[in-house]
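Try each task before you read its solution.

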Amino acid sequence: MATNSSAGHACPSPMKSVSNGLFQGDNPLHFALPLAILQICLVLVVTRGLAYLFRPLRQPRVIAEIVGGILLGPSALGRSESYLHAVFPSQSLTVLDTLANLGLLFFLFLAGLELDPKSLRRTGKKALGIAIAGISLPFALGIGTSFVLRETIAKGVNGTSFLVFMGVALSITAFPVLARILAELKLLTTDVGRMAMSAAAVNDVAAWILLALAISLSGSKQSPIVPFWVLLCGCGFVICASLILPPIFKWMARRCHEGEPVDEMYICSTLAVVLAAGVVTDAIGIHAMFGAFVVGILVPKEGPFAGALLEKVEDLVSGLFLPLYFVSSGLKTNVATIQGLQSWALLVLVIFTACIGKIVGTVVVSLSFKMPLREALALGFLMNSKGLVELIVLNIGKDRKVLNDQTFAIMVLMALFTTFITTPLVVAVYKPAKRERNTDHKQRTIERKNTNTELRIMACFHGARNIPSMINLFEASRGTNKHEGLCIYAMHLMEFSERSSAIMMVHKVRKNGLPFWNKGVRSESNQIVVAFEAFQQLSQVSVRPMTSISSISDMHEDICTTADRKRVAIIILPFHKHQRVDGSLETTRTDFRWVNRRVLEHAACSVGILVDRGLGGTTHVSASNVSYFITVLFFGGHDDREALAYGIRMAEHPGINLMVIRFLVEHETVEGIELVDGNSKPDEECLAELKQKISKDGSIKYEEKEVRSAAETIAAIREASFCNLFLVGRAPDKAAIPLPLDRRSECPELGPLGSLLASTDFSTAASVLVIQQYHGSVSPNLALDLEEGLPDSESN
């Protein structure tokens, strides 16, 4: 490496930690602390910027971090000697490597914390067979390739350790990187995704065992018996840790209760154990990260203790320290060492061998288990992804003098190439997310000719806060006189971010329509599930929980695709604001607005947005205790008819009274009112059917109000505000709306009436359900309304 001192040169003098400042003649870049701060800031800017550029290519962040490390090293910017001496002088590399390895230590602890040994024991024969094939064939080909490299560019290295290192480097599958690729491609809930995750988890554990073997064989000036003692002591450490640590961690976990902060002493004690374990394994001669990984595996996954550890450690480690490891690798990678036809031919050979071993081994075994060819190919491409684990292997080999500069550069480029091509190849052969719409799906709205058919609702929620009102809304929607009843698809919307703990969600994922929880684990998800189970048993309504794990930018695709596949009539979404103690609405997360707006634009069924002000209180109201007063504000149009149809269904519940208020505009010319000739024919037919129902059902009342201005309209709505729930259309008939009400509102997704009812100027304790009816195509003005309304209200 260009920055390392070669043999025979004097060691650089150590750097002092802090400077006295520029005014006293000190250059801050000649001192360890300010230089380390500059290096960290430079790394973050470069890697985050590259991640932003690679996002349209749907590449995982590890690609940006590897490329960023190479660019900052001698392969690109490091060609300038002045840059290297100023930003990455040789004296600073010890500090940089120490910070990078400290971050790596805790990252491996997080990786062990997220790896559930119980899930490995439950791995099926198919996943186990795929994992074994995905390890054994690449390992064998890696050993074969190592003979070629030793005869050309790697002469004089330790033969046995080089063989093992090459075999491990080619047989690794990066479990964290694979999880993010699957989430990006919407494959987590598919058979291919679950099979890939199971096989990769087994592969990950096997890779660490093989790496421990490689490290034990890579010592210099050792007797043949030393590797035996290293492995024996390593096994002894694992056995002792498995006997001593679990009872202590379980005692800590039992003293941590859901909803209460975890004692800081437990967190600090665990992190101290991680560091101590790292010292022990480093003293044994394996690597400090193995001790941290073992401790992470032994921490119990039940209860809030593991989650608290992740929350305390992951952002600092994954966001700040871990990118330093990629830069440390980049400073050791000099692409310029790959010179001549022979070196480039060896690079092609290594890439070809790595890809063929993984892909062919996985595909052959998958086909033997009767998997379709497309799925087998997709699985082979997925298992071929590399990442951080690959770099760890290569860096250890470089530090142990097993890999020279040229071999190291070739292997880093191989890891980068194989990971980069994973997403394009999988997309090319396997696109399960792109399904044709259900052309025979007729019941896309609540308003329908045969009201006795089953009503399917998909209710989306972000957390436990949304659940009580949602369940009470389901209770009101049962339609007790219906023959086929109500079916609820409850979709938990979980954001899959770049944070390492997002992988924990993967373990809970099941195929849509099946439970997404583990009943033995107490968590927010389980509290949600208990609420749904109780409602299902008490009300005899079919509730089918499911989960969506995706980024905010494409969460709407999961919602719309699942709604179409499940043939639902309406999607109910939570509003992006929640009620505070004083009754006002506070923004939860602004990006939830984007999700709601995109669903409104793309959904092939009706959509409702629930402005929750505590419908029925904070608990599930049983059927016998339901007593709601619901008001429908009817101006006319598709959306208002859908809101009215929903209200009529609710009115069948014995505990619900419905008030329908029809607003009429006089036919005279009135300032602020658009002239109309009366409501449309479908509106009149709908109201005629309503009046027939009123004669048979005393729980429904109908009233007409004539209005001359927006002020009169608002006053009439205020008179009806003492109810439990408003049902309104998102886009009422423009011919019947006073112009001041139909102006650009701060919440276009709610429409004029919904925005009024959700505004701070309108005082009411009633929740609001704003409904948009699906009628074959999206309104041409909808996308424009949503797009124009966003920038001005982004802070709301």
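## Getting started

The protein chain holds 28 helices and 12 strands (DSSP runs numbered from the N terminus: H or I of at least four residues for helices, E of at least two for strands). This is a predicted model, where local features need pLDDT of at least 70, side-chain atom pairs count only at pLDDT 80 or more, and totals for chains, interfaces and linings use all residues. Residues are numbered from 1 along each chain as its sequence is written, and side-chain values use heavy atoms, with hydrogens and water left out.

## Exercise 1: the whole chain

Task: find what share of the residues in the protein chain is buried.

Solution. Take the cut-offs: buried is under 20% relative accessible area, exposed is over 50%, and partly exposed is in between (1.4 Å probe, protein chains only). Of the 796 residues, 55% are buried. Now turn to contacts (heavy atoms within 4.5 Å). Among those with a separation of 6 or more, 81% join residues 24 or more positions apart.

## Exercise 2: one side of a helix

Task: list the buried residues of helix H18 (residues 422–429) and say where they lie around the axis.

Solution. The buried residues are Thr422, Thr423 and Val426. They cover an arc of only 90 degrees around the axis, so they sit on the same side of H18. The arc is taken from the directions from the helix axis to the C-beta atoms. Their cover includes helices H8 (175–184), H15 (373–383) and H17 (405–420).

## Exercise 3: a helix pair

Task: describe how H8 packs with helix H9 (residues 191–216).

Solution. Start with the angle, about 170 degrees, and the axes, 9 Å apart. Axes are lines fitted to C-alpha atoms, for helices over the stretch in contact, and angles run from 0 to 180 degrees between N-to-C directions. H8 and H9 are therefore roughly antiparallel (an angle over 145 degrees). H8 brings Phe175, Leu178, Ala179 and Leu182 to the contact. H9 brings Gly193, Ala196, Met197, Ala200, Ala201 and Asp204.

Key
Angles under 35 degrees count as roughly parallel, over 145 as roughly antiparallel, 65 to 115 as roughly perpendicular and the rest as oblique.
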